[in-house]
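Hello,

Here is the structure I said I would pass on. Have a look at it first, and my notes on what turned up follow below.

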Amino acid sequence: MIVNFLILLAGLAIYAGYGLSGLAYILAVTGLSYLAGRLIPKHPWVLWISVMFNVVALLVLKLQPLTGMEFMAPLGISYFTLQIISYHVDVYRGKYEPERNLLRYGLFVTYLPHIFLGPIERYDKMVPALFEQRHIDWDGVSSGGARLLWGLFKKLVIAARAGVIVSAVSGDPEQFRGAYALAAMLLYAVQLYADFSGGIDLVLGVSRMLGIRLSENFDAPYFSESFREFWRRWHMTLGSWLRDYVYIPLGGNRKGKARKTINVIVTFLVSGLWHGVHYLLWGLFNGIFVALGDKCKTRWKTLNRAATFLLVSLLWSFFIWPDSMTALKMIGSLFTTWNYGAFFAGIGTLGLNLGEWIVLTAGAGLLWAYDGLRNRINRRFYTLCPAGRVAVIGALGLAVLIFGMYGIGFDAGAFIYSRF
């Protein structure tokens, strides 16, 4: 109990460093949602007030660009808001009794390692992990430490270098079209995955060292053969949340094919809005491709994976450029601007020299290899003696120190998905 209380206080102290207004908001929301959870079993109407309040808070945040309002949203609001909604809905459904201990509930909402990036946890998994299944041992400390350093490797060695090129291209969409735009899309796919999954590795690694097991959020998504499979492997905790609290309540696949298609598209529109109003079109396209299912698959796995990766990368354009129209224009430039010769001739002017390109390519190759062999590699790690594990951890740490790009900051805001 004392350790968890200290984790809660330390987390809130660090959170306060990002703004006292944000701290006041999360404390108020935690207290009010705790009381609402206690009231819901006897007063079900409280659920609808809670859901409406949280949805409106998110909508006001996400619709800022359209309204002209400008204010600093509490960091992590998109993540802890979904956790609160799922908790209240599950209490209403009778899945479990409301939490009576304010400390336990407060740590569920504000647990610092995952509040900025996820994973988006459910109460019935998070609370046992925090309070009932805690066990700090060498396996957890060593595996958690290795995962933490692997996350830093992905963030500082791979994502940071890919980001240099993406920033250079996206900063001048009029000049960098065609081949440059395609390079930015493909490299952003690498950057986003290395950045986001690397951040999740930090969260899961630190938690594992504390004896806390959180949910996995990725399962080698770029090995997917269709959009439907991709969204089962990418940001899995958000996907499962949308399935359980949006798609299934809409009717899921229980009301015919046409209704199923509509439900899928609406769910992805909600996903787009969760990211921000600029991403509604991105959500629509993803919903259409997911609704198509496996209709566009061929009998060749490699071709399916390459096509899915390419289409996913093209849709990441809505994350690269500041508005949907620019993103569409850049996608269109792939078919109208044939400047591949100029791109390869001027590739060294985009911010990375030959050595940096080699490091980026090798790092991305390691990431792909690890994703393909992850289970085998992890099993092998667990069979190593203590000295072997220390050697692996040391090698990862040395690689981060030697090849990492620094000066980009270690705060939560340095991670791409923290802004959502």
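Helix 19 is the biggest contributor to the lining of the largest pocket, giving 10 residues. Helices here are DSSP runs of H or I with at least four residues, strands are runs of E with at least two, and both are numbered from the N terminus. Please keep in mind that this is a predicted model, where local features need pLDDT of at least 70 and side-chain atom pairs count only at pLDDT 80 or more, while totals for chains, interfaces and linings use all residues. Residues are numbered from 1 along each chain as its sequence is written, and side-chain values use heavy atoms, with hydrogens and water left out.

The largest pocket holds about 910 Å³ of space, and 34 residues line it. Nearest its centre are S143, R147, W150, Y370 and N378. Two or more lining residues come from each of helix 9 (138-170), helix 10 (179-209), helix 19 (354-383) and helix 20 (386-403). By class, the lining has 18 nonpolar, seven polar and nine charged residues. (Ala, Val, Leu, Ile, Met, Phe, Trp, Tyr, Cys and Pro count as nonpolar, Asp, Glu, Lys and Arg as charged, and the others, Gly among them, as polar.)

On the method: a pocket is an open set of points on a 1 Å grid over the protein atoms alone, where a 1.4 Å probe fits and protein lies on both sides within 12 Å along at least five of seven lines; lining residues have an atom within 4 Å of a point. Points are joined across faces, edges and corners, and the volume is the space filled by probe spheres set on them.

Y370 sits in helix 19. Beyond its neighbours within four places in sequence, Y370 is in contact (heavy atoms within 4.5 Å) with W150, I377 and N378.

The second largest pocket has a volume of about 690 Å³. Its lining counts 23 residues, with R228, Y247, V264, F268 and V290 nearest the centre. Helix 11 (227-233), helix 12 (236-250), helix 13 (257-275) and helix 14 (280-292) each give two or more residues to this lining, which divides into 10 nonpolar, seven polar and six charged.

Helix 13 also packs against helix 3 (residues 45-62), at an angle of about 65° and with the axes 8 Å apart. The axes are lines fitted to C-alpha atoms over the stretch in contact, and angles run from 0 to 180 degrees between N-to-C directions. L58, L59 and K62 of helix 3 meet L273, W274 and H275 of helix 13, a contact of four nonpolar, one polar and one charged residues.

Two backbone details are worth a look. Most residues other than glycine have a negative phi, and most peptide bonds are trans. The G118 to P119 bond is cis, with omega near 5°, and P119 falls in the loop between helix 7 (112-115) and helix 8 (123-131). A220, not a glycine, has a positive phi of about 45° and belongs to the loop between helix 10 and helix 11.

Overall, the chain has 20 helices and zero strands. Its C-alpha atoms fill a box of roughly 70 × 60 × 45 Å along the principal axes. The mean pLDDT (the predictor's confidence in each residue, from 0 to 100) is 90, and 96% of residues reach 70 or more. Over residues 408-412 pLDDT stays under 50.

Best wishes
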